[in-house]
Amino acid sequence: MKCKYDVIVVGGGHAGCEAAITAAKRGAKTLMFIIKLETIGRMSCNPAVGGLAKGHLVREIDAMGGTIGKAIDKAGIHFRMLNKSKGPAVWAPRAQADRMKYQLVMRSYTEQQDNLDIKEALIQDILVKDGQIQSVQTQYGQKYFAKKVIIAAGTFLKGKIHIGMNNYAAGRAGEFAANKLSESLQKNGLQLVRFKTGTPPRLDIRTLNTDELIVQEPDEPPTKFSYYTDIKPKNYVNCYLTKTNPETHKIISNNIQRSSLFSGNITGVGARYCPSIEDKIKKFPQKDSHQVFLEPEGTDTYEVYANGIPTSFPPEIQYKIVHSIKGLENAKFMRYGYAIEYDCIKTSEIKLSLETKKIKGLYLAGQINGTSGYEEAAAQGMVAAINAVNSLEGKEPVIFYRDNSYIGVLIDDIVTKGVDEPYRMFTARAEYRLYLRQDNADERLMPLGYKLGMVSDKRYKRFKNTITIKKRILNEIKEKNAKTDSDKSYKLIDLLKRPEIDFDDLKKYGYKPSEHISDLIKNKIELEVKYKGYIKRQMKEIEKFKSLEHKKIPLDLDFMELNNISYEAREKMNRISPVSVGQASRIPGVTYSDVSALLIHLKSLNE
């Protein structure tokens, strides 16, 4: 048996798939373990990809040469661009997926990837020697050796499902939990915490009164996620919207102690931004309704996901809750909702590269790092694999920063600021969101993806051609005068700055493009022109950010010896081990005066 690899990935969900494909694509001999082969790429929660800030992450992963964007373009059944009525910084692509097709597409990508082996087995132990990862061990006692191991275990680490007063060990409904792996991590000195998330009931769409529901139609044409591919996404279904009501809330309040969450059975910390319906009622008693999005699970099934009412009530209460909602009075259940609690790492244990501080060669990605969501997981899987391979090649890690990507915001948030509840990405978390738009992820990150060998020559050539055309067209509209009834002379670019004029309107003013212009290029030009002043100001802020970010801190600096810095700041910096002054300044509890004292100390080291 050939049991030696460069990189081993434990888990085949969104983080695991992205990690395994990335490592293999970059030339590492890679092995991915999955408990059940049929579950590769499974969408454990809602059948959708993208949304607010999450769509930005998908575009960035795709620009780097990742897989999730291509998979959803192939498996999507309902595409929409959210927030179009607001500014471009918060526009966000989102797509409903055919759940089963998405799994098959992602499995196909993993199986067809060169340098990647896939094996069905449950990893129960990691073996460490002198602070360096050596191997992993399966439930069969087999050892597989690798210099780099990426754990992307999702909710499987001591996973426990709760429905009412009943609970049982599982990583996901119907699947084993990874209890021994959790114990192995602790045995090797890693600190774990307990988090909780949940999922709603799934209903039979044939039993819904769709006449009573608000129809949400997809955008035509669909907005694809993946840049410079020949995939042509299609819309197949509508989604629906309804709301809870005072009667729903009364049912929940009257039975609150029958929920696992409020009976004391669950000890894990729940998600603030994706709470159970009983948690919503408890935290927001002033609200008399909450939205429920009904999302079809695919084109060959009648199953629909009732997004907005995740719950851990027993089945009989779930029936009452659902049947109290407009349009769902006669709904038949296909699956019950449940809560799941699981172990994850204290994020002070990991570096910005996603390597653990205590165990060299061990990287963590996804929900094990306290995040929630497919998109956050996929981003971490890709970053962990990039840095695992870089380390194999004797290269410095690739660090994503807050000024160049949402990926950088995500990782900096969880490592520097810490996570005390399941983390979810929002546009509000990004200081430079007008620059970090979903439409320009290719310009920000595709050169890096190409340099790392993750973006093909064909795709990169298309990208370069697009940027060349964009520059040519920008020069044309800067130089050409508009034909107007006014005596004043206007350049076409000045007209495009007006909010009521879009790129196609320039034809009315005599503009005849010298070549075909794609919608992608039109959109890029329009956003850059209309928001040039705001973007220019943001770029100045980014330059200030870089000045602190480039002031590196020696790896061997003992923060506890810096007496001019407050004890709280020293203690927290010692725990986080910031690599730059910029990172140190973002640690909660570190003040402006602490940063100033740190800068003075670093200057003294160089004198």
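Student: What makes His-290 buried?
Tutor: Buried means under 20% relative accessible area, exposed over 50%, and partly exposed in between (1.4 Å probe, protein chains only). His-290 has 7%, so it counts as buried. Keep in mind that this is a predicted model, where local features need pLDDT of at least 70, side-chain atom pairs count only at pLDDT 80 or more, and totals for chains, interfaces and linings use all residues. Residues are numbered from 1 along each chain as its sequence is written, and side-chain values use heavy atoms, leaving out hydrogens and water.
Student: Which residues does His-290 touch, not counting residues up to four places away in sequence?
Tutor: Contact means heavy atoms within 4.5 Å. Among those that His-290 touches are Thr-242, His-249 and Phe-284.
Student: What makes a set of residues a nonpolar core?
Tutor: The residues must be buried Ala, Val, Leu, Ile, Met, Phe, Trp, Tyr or Cys, joined through side-chain atoms within 4.5 Å. The largest one here has 114 residues, and Ile-8 and Ile-150 are among those with the most contacts inside it.
Student: How do you know that this core lies between domain 1 and domain 2?
Tutor: Domain 1 (3-200 + 342-451) and domain 2 (202-339) both give residues to this core, so it lies between them. The domain bounds come from an automatic or database domain assignment.
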